[in-house]
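Welcome! Have a look at the structure first, then try each task before reading on.

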Amino acid sequence: MSKIIVAGGKKLEGEIRIPGAKNTVLPILAATLISGKKSVIHDCPLISDVKLTLEILRQLGCEVAIEGNSITVDSSGFDCTILTEEWMHKMRSSIILTGAILSRCGRVRTSYPGGCELGLRPIDLHIKAFKDMGVRVEEQFGYIDCIMEHPKPCDIHLGFPSVGATENIMLAAVGIKGTTRIINAAKEPEIEDLQVFLNAIGAKVRGAGTSVIEIQGVGSFRDAEHTVIPDRIVAATYMAAAAITASTVEVANVNTEHISSIIAALREMGVKICRTRRNSLVVSGNARLQPLNILRTTPYPGFPTDAQSVFTTLLSVADGTSILIESIFDQRFKHIDELIKMGADITVDGRTAVIKGVERLYGAKVNAPDLRSGAALVIAGLRADGLTTVDEISHIERGYEDIVRDLSSLGAEIKRID
Ligand code: EPZ
């Protein structure tokens, strides 16, 4: 099992470029299935979740080529008949592909996302929306068969602005003649980027970024080229690295609007952040970060749940007590037990963490319980006295192309042990 070893106390310096966003690339790769044409997507992070999705696209008969961080998908060879019982056993739960395959083939088998580190990952909002759109949904033996029997354009009211459900509805609606509207849609930047890509392949989508998205079904598509927006969570991670080591680092290729809540929270903690060139920020941390009275995760444009664990790390060494409320997922505090092993003083009650800042953290052997928690523990290791070993780093590789390469390039003393 590979691990990362970090030596704490080193100052960072220099510049880091932020890669394209994982949570944009995944739905866009799903969308390439719809057109039956060639799509070229630039600035894709070559992370394990992307590689896994590309493998599935190949298995579906698509031609996939990777050149640097540009991915070309030609889905003309996607043969719907391949979706045999046996095959769909294998694909199982790439729920984000469901809407796109429904659009292209009119039927798909999926299953409930497996046990996930973030607690229950229901898909009831996806299923309810599909039924509203005229999809027959049959659940049997743990599988969910979806057949687009009587496609009908309609208004879909989401009970919660779910990112995945919003994306799945957009993807399924592209193939339904007429106008489908999503009311109470998620407004994350990744949704807007998906709209840009869908319109590039010939769809007619508008309203992404607001709570009402309108999709006009179309029957023909075209080749497209698209550059993915920067990853706002990777940006938050590396800005936190500068903050916690009291270093000055330039972060390039950021969309400051997408990270406005991150910038506001860091500034409130006493971190200096200023714009240099377009899409670049200089971040200067300080030895004693200020606590935050209350930090609550909410849907965009609020503070992102994916940055919650890294901010728990920052607040664990702040000069006072902070309250952190995780309102999106029900099990997203698994990094806290590990931070306590490093000397943090945090108590959890349900979805609320009371974080009493401490002067020092101590290097320890810790486990990465999930993607963002793993990153938070690496950032904690940059500050801790001595060596921190982070185990089970395959979680981290789902969302960071090479966190060791990136932090080393800023002067961190960090290495990967296979
Ligand atoms: C997306 O997950 C992201 N993943 C997550 O990032 C991110 O944390 C999340 O959005 C929120 O921003 C990708 O884009 C691949 P949701 P998703 O549907 O779509 C409940 C990371 O670290 N819900 O907005 O699964 C759900 O249980 C990952 O990069 C239902 O109840 O998020 C959760 O409590 C982690 N029923 C809340 O909504 C449903 O049918 C938010 O889920 C769907 C969701």
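Pro301 sits in the loop between strand S17 (294-297) and H10. Keep in mind that this is a predicted model.

**Exercise 1. Work out what kind of peptide bond leads from Tyr300 to Pro301, and then describe how buried helix H10 is.**

Step 1. Most peptide bonds are trans. The bond from Tyr300 to Pro301 is cis, with omega near 10°.

Step 2. Now follow the chain to helix H10, residues 308-315. Buried means under 20% relative accessible area. The residues of H10 that count as buried are Gln308, Ser309, Val310, Phe311, Thr312, Thr313, Leu314 and Leu315.

Step 3. That makes 8 of the 8 residues in H10 buried, so the helix is largely enclosed by the rest of the structure.

**Exercise 2. Find the disulfide in this structure and say where its two cysteines lie.**

Step 1. A disulfide is a covalent bond between the sulfur atoms of two cysteines. Searching the whole structure turns up 1 disulfide.

Step 2. The partners are Cys80 and Cys105, with an S to S distance of 2.0 Å. Cys80 belongs to the loop between strand S5 (70-74) and helix H3 (85-91), while Cys105 is in helix H4. They are 25 residues apart, and the pair links distant parts of the chain.

Step 3. The angle about the S-S bond is -75°, and the link is left-handed. Cys80 has 22% relative accessibility, so it counts as partly exposed.

**Exercise 3. Describe how helix H4 (residues 95-105) and helix H6 (residues 163-173) run past each other.**

Step 1. Their axes come within 7 Å and cross at roughly 15°. Angles under 35 degrees count as roughly parallel, so H4 is roughly parallel to H6.

Step 2. The crossing of H4 past H6 is right-handed.

Step 3. On the H4 side, the contact is made by Ile95, Ile96, Thr98, Gly99, Ala100 and Ser103. They meet Gly164, Glu167, Asn168, Leu171 and Ala172 of H6. By type, the residues of this contact are 5 nonpolar, 5 polar and 1 charged.

**Exercise 4. Is Val254 buried or exposed, and which residues does Val254 touch?**

Step 1. Val254 lies in the loop between strand S14 and helix H9 (260-268). Its relative accessibility is 3%, so Val254 counts as buried.

Step 2. Leaving aside residues up to four places away in sequence, Val254 touches Ile18, Pro230, Ala235, Ile259, Asn279, Ser280 and Leu281.

Key: Residues are numbered from 1 along each chain as its sequence is written. This is a predicted model: local features need pLDDT of at least 70, side-chain atom pairs count only at pLDDT 80 or more; totals for chains, interfaces and linings use all residues. Side-chain values use heavy atoms; hydrogens and water are left out. Axes are lines fitted to C-alpha atoms, for helices over the stretch in contact, and angles run from 0 to 180 degrees between N-to-C directions. Helices (H or I, at least four residues) and strands (E, at least two) are DSSP runs, numbered from the N terminus. Angles under 35 degrees count as roughly parallel, over 145 as roughly antiparallel, 65 to 115 as roughly perpendicular and the rest as oblique. A crossing is left-handed if the near helix is turned anticlockwise from the far one by less than a right angle, and right-handed if clockwise. Contact means heavy atoms within 4.5 Å. Ala, Val, Leu, Ile, Met, Phe, Trp, Tyr, Cys and Pro count as nonpolar, Asp, Glu, Lys and Arg as charged, and the others, Gly among them, as polar. A disulfide is a pair of cysteine sulfur atoms within 2.5 Å. Buried means under 20% relative accessible area, exposed over 50%, partly exposed in between (1.4 Å probe, protein chains only).
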